[in-house]
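This report describes selected features of one protein model, covering backbone geometry, helix packing and nonpolar cores. The sequence and structure are shown first.

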Amino acid sequence: IQIKLRGVMKKAVKNTISVILAVAIFIMTGIFLRYLLYNDTKTNARLLFHDLHESEENIDTVFVGSSHVFRSLNPLITDELLGENTFNLGTSAQRIDGSYAIIKEACASHDIKHIYLEMYNWAAWDHEPFSDRTDMTATYEVSDFMQSFTDKVEFLLHSSSPKYYSNGFILARRNWEKIFDTKYITDLFELKQSERYRSNEWVWIDGKDKYIGKGYLASEKKLKKSIDWWPRAYGEVSSIYNIKENGDWRHTMLSIIDFCSKKGIELTLFIAPEPEAQIYGKYNYQEYIDTVRELADEYGLEFYDFNLIKKELFDTSDISLFLDEDHLNDKGATLFSTIFGQFFSGQLSESEIFYSSVDEKKAASEPGVYGMTFPEKDFDGYVNPYVISNRDEGIEYKIEVVSKEDGENIYYQDFDENNMIWLEKDASAEIKVTWRCVGSLTENEFSLDYPKK
């Protein structure tokens, strides 16, 4: 019997060792293939998480959200004004569950006292339920660099359908088709062997972007100084429904609120400024503000939309403060970070900074036009571009649309307060808009090519 037991134990030990070796080989192979195939050289998230995990000083305050955040708040400025160690936890297209995951990751190693969560209307948009997602890029921007295994597993399991689990947990799996692409592997290997990469410096250099540190990515780019198309300003803010309805988005938001409450963390909601055209183009933006405010009031949170900021402090019509139609450049972020720090440190009051509504801000400005917006999708082969202005009435437009193919008029409107036209989706045309205030003889004009070049 003893001989038989020894044989069974010996076999069990042998099998256990074999399993351990197989797992070790699988893990080591995965690590090796990850290094060869997985390209993380062009994301600031890698540097953000490195700074977060390596910070020897406790982080007191964090700013959480999408690129709208990491382009807007410079912790080197807010540190001084708030008198705290602040950190920017913004990642590209960060969704609400990504915000929750990165909050838990930060709180695992730091005694966070205050979280400023950005409620940019595009960031609040998401598929309902999360299992309907097909683009996982924003999820991986967060999950790839998380150190907390249990939080990472929970995040990935609830962020998509099971068919994406392998790509989430096995990073090299995403670029598996590159395994025989010697140029891709050689170029990536050289990048990862560079001193910049190994020392966690900014590698993706284009002469305009620079990683400053603590999660902030500065840009010297400037929005071109001409009236142009603003496609993302079209229509309504659809994310209102996610905030109101009891779906995955709201459930995750309430989880963040509950998490902060249990840990004694102060949670403040805010929105960083965008170009005025983006706000005035959306015909229900005030409803969006009111919806977020209702959520904040329901759970005793403070909420501030810096799109309502007064022009003498931050002129959102000044496109030199923006790098594109959504994000602040370094000039804009420096100014905004200063105002943000002054406000939340009590140096500026709410009445000194904010208009009470979109309508009040419009009324405080001279009548103006910002270009046009159009839908990304057509309606039965037609699109309906419309002029963006800071007046719902009191401005009239003359609109001429000429075909680029034969020079014929496609559409003509003499001065009228109607600001919308209909075009065939496949049209190739020049649109000329002349506008003036009702009762005024002073005319202004601009021209655009359709489709947008």
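Ala93 lies in the loop that links strand 2 (86-90) to helix 5. The model is a predicted one, and in it the phi angle of Ala93 is near 50°, which is a positive value in a residue other than glycine.

A positive phi also occurs at Lys214, again a residue other than glycine, with a value near 55°. Lys214 belongs to the loop between strand 4 (209-213) and strand 5 (216-219). With a relative accessibility of 18%, Lys214 counts as buried, because the term applies under 20% relative accessible area.

## A cis peptide bond

The peptide bond leading from Tyr450 to Pro451 is cis, and its omega is near 0°. Pro451 is placed in the segment that follows strand 16 (444-450).

## Packing of helix 5 against helix 12

Helix 5 spans residues 96-109 and helix 12 spans residues 248-263. Their axes come within 9 Å of each other and cross at roughly 20°. Helix 5 is therefore roughly parallel to helix 12, since angles under 35 degrees fall in that class. The handedness of the crossing between helix 5 and helix 12 is left-handed.

On the side of helix 5, the contact is formed by Ile96, Asp97, Ser99, Tyr100, Ile103, Lys104 and Cys107. Helix 12 contributes Trp249, Thr252, Met253, Ser255, Ile256 and Phe259. By residue class, the contact of helix 5 with helix 12 comprises eight nonpolar, three polar and two charged residues.

## Nonpolar cores

The largest nonpolar core of the model contains 88 residues. Within this core, the residues that touch the most other members are Leu269, Tyr288 and Phe306. Helix 5 supplies the largest share of the core, namely seven residues.

Which residues are in contact with Phe306, leaving aside its neighbours within four places in sequence? Five of the partners named here are phenylalanines or isoleucines from several positions, including Phe270, Ile271, Phe336, Phe340 and Ile353.

Note on methods: Residues are numbered from 1 along each chain as its sequence is written. This is a predicted model: local features need pLDDT of at least 70, side-chain atom pairs count only at pLDDT 80 or more; totals for chains, interfaces and linings use all residues. Side-chain values use heavy atoms; hydrogens and water are left out. Axes are lines fitted to C-alpha atoms, for helices over the stretch in contact, and angles run from 0 to 180 degrees between N-to-C directions. Helices (H or I, at least four residues) and strands (E, at least two) are DSSP runs, numbered from the N terminus. Angles under 35 degrees count as roughly parallel, over 145 as roughly antiparallel, 65 to 115 as roughly perpendicular and the rest as oblique. A crossing is left-handed if the near helix is turned anticlockwise from the far one by less than a right angle, and right-handed if clockwise. Contact means heavy atoms within 4.5 Å. Ala, Val, Leu, Ile, Met, Phe, Trp, Tyr, Cys and Pro count as nonpolar, Asp, Glu, Lys and Arg as charged, and the others, Gly among them, as polar. A nonpolar core is a set of buried Ala, Val, Leu, Ile, Met, Phe, Trp, Tyr and Cys residues joined through side-chain atoms within 4.5 Å. Buried means under 20% relative accessible area, exposed over 50%, partly exposed in between (1.4 Å probe, protein chains only).
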